[in-house]
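Please keep the sequence and the model at hand while reading.

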Amino acid sequence: MFDNPRFANRSELLGIAVLALLLLAILPLTLDVFRLNLVAKYLTYSFVAIGLVLCWGCGGVLSLGQGVFFGLGGYCMAMFLKLEASSAANTKIQSTPGIPDFMDWNQITALPFLWQPFHSLTFTIVAILVVPAIFALIVGAAMFKRRVGGVYFAIITQAIAAILTILIVGQQGYTGGINGITDLRTLKGWDIRTDHAKFVLYFVEVACLFACIFAAQFIRRSKLGRILVAMRDKEDRVRFSGYSVANFKTFAFCAAAVFAAVGGALFTLEVGFMSPSFVGIVPSIEMVIYTAVGGRLSILGAVYGTLLVNAAKTSFSESFPQLWLLGLGALFIAVVLAFPNGLAGIWRDHVQPRLSGSGKPGKPWEAIADKTPAE
Amino acid sequence: MQIGHLQKDFLLSVEGLTVSFDGFKAVNNLSFYVDEDEIRVIIGPNGAGKTTVLDLICGKTKASSGSIQFRGKELTKLKENQIVQAGIGRKFQTPSIYDDLTVFENLEISYPRGRSVFGALTFNRDKAVRERVEEVAEMVFLADRLAMTADLLSHGQKQWLEIGMLLIQDPDLLMLDEPVAGMSVSERVKTAELLNRIIKGRSVLVIEHDMKFVEDIAHKVTVLHQGQVLAEGSMNAVKTNPKVIEVYLGH
């Protein structure tokens, strides 16, 4: 009766299977490459949303600066791709051939040393995972060891997002400034701009997404996942049960950061550029809204929430560009007030009982969803 | 030589402990000693600093000056979780449990293994854990509630659950802050019986107002008044102490 919790129960496995069917078969077969690439772009945000489920939903640590990590991952990838696109042959009209075009425009004559290691793809992939983790570790350790939490932590992460944006925009010669890093062409000689490449990259991304879903599920299923929930409820009791609360919060924050960075790197590959407009306060808050709409306690809910909000964004903002932001704000307020557990909560409370006909909630672990945490 | 020998024998030595909140000394130059396997009850009027003393020992509040030695370790320099790992368990006044987790999971989290981040990630709920959780649940009258969400327990059951969470840690010093407060009469009787069973083989520091309960369990009583020790000794000696009658027990 009290064996180790299984990796996933039946309805969770079913949920994962349905998502796999949707992403691997239904969408690729029914959508053209342009639309599929849009889905791919949306899905990159769902990596961030999954991280927020762990960090905010389970652990109660609300970060309003996940764009920072999305950006760090994205910029690492963009630096590699930009260097490859800036070969001496491609840039021979510049006054300094062999460096990215925006550096040349800013009178920089040699590749900055921070850029040097990004000639290596291996280094780039490691950096995508490690740089955000270290950054989150520093921020997390500095904040959580000093017992900064709740609203204060959210505000500080937001400030960090603003600071990083200003830094990127200000250091135009090193970062590409407000335009970001654009005109990315090939990955190890393979043109990423073709329809075929976009199709292949979509499947690479879905594979990465499932790796993230499994990692998040593993964390949540472990005792660590239960400690995160416990911390959200009674931080002091966890502390006086012999755990270092700061370490656990830092871990959740780092995990969320790494997930976000993977999403950012894939975004750069899918969309072909990276800019500060994905780093700042607004995109960071939008990412929190995706999680809230999907259900901040549900990993799969976060994926669906991201897809739906973005699909709505694309279709509405095409017809009513001014109204969209108001609509997004209204959606967030509606979710917080009426459906604190988002789509996943609606599914669990209203759809699933009717499907199974028994009227009892199908997922015992989601009993935790009944109570609304403070953050 | 004599003093050094004495200090080594005490499980807990509190010496010259002072804490001031904006100039108000909630605990003022307080000293007391707790022996191995001793049950010490702290009584005193409201605002005497009883809960603050427990807060200081478990690290929730930092002392302004003074020392707290536990088995030769200076606790004032340790973090809360290190103090727990040194062998001190603390029960709070209001039941402090994880409402969203089941009774089993509440107890499991307190099981003293896998307390690091990596340890928690790879924690395996093996037979030893299950048996210990079931054993403790039996002791705190919650054996048939293991699968229940803790939120749904009654107030008394929540108190028992928290006591169980401390038991599973197997601390050398157990600190209980008003363990029977807010309980029904029958729950009170059961709790006294429970405490009498679990205090064997460890030292216990209890804050309690229920005099009947104090008489039942105390080896020694410390009376606090305005952050200082007013009297100390057996319950009988304390009960007849005119100063104690004056400020606390009443005429």
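Helices (H or I, at least four residues) and strands (E, at least two) are DSSP runs, numbered from the N terminus. This is a predicted model, in which local features need pLDDT of at least 70 and side-chain atom pairs count only at pLDDT 80 or more, while totals for chains, interfaces and linings use all residues. Residues are numbered from 1 along each chain as its sequence is written, and chains are lettered from A and ligands numbered from 1 in the order in which they are written.

- Most residues other than glycine have a negative phi.

- A residue is buried if 20 or more other C-beta atoms, placed from the backbone, lie within 10 Å of its own, exposed if 12 or fewer, and partly exposed in between.
- A:Arg147 counts as exposed because it has 12 C-beta neighbours inside 10 Å.
- A:Lys188 counts as exposed because it has 8 C-beta neighbours inside 10 Å.

**Contact between chains A and B**

- With two residues taken to be in contact if their C-beta atoms, placed from the backbone, lie within 7 Å, the contact takes 27 residues from chain A and 31 residues from chain B.
- On the side of chain A that touches chain B, H9(A) gives the most, with seven residues.
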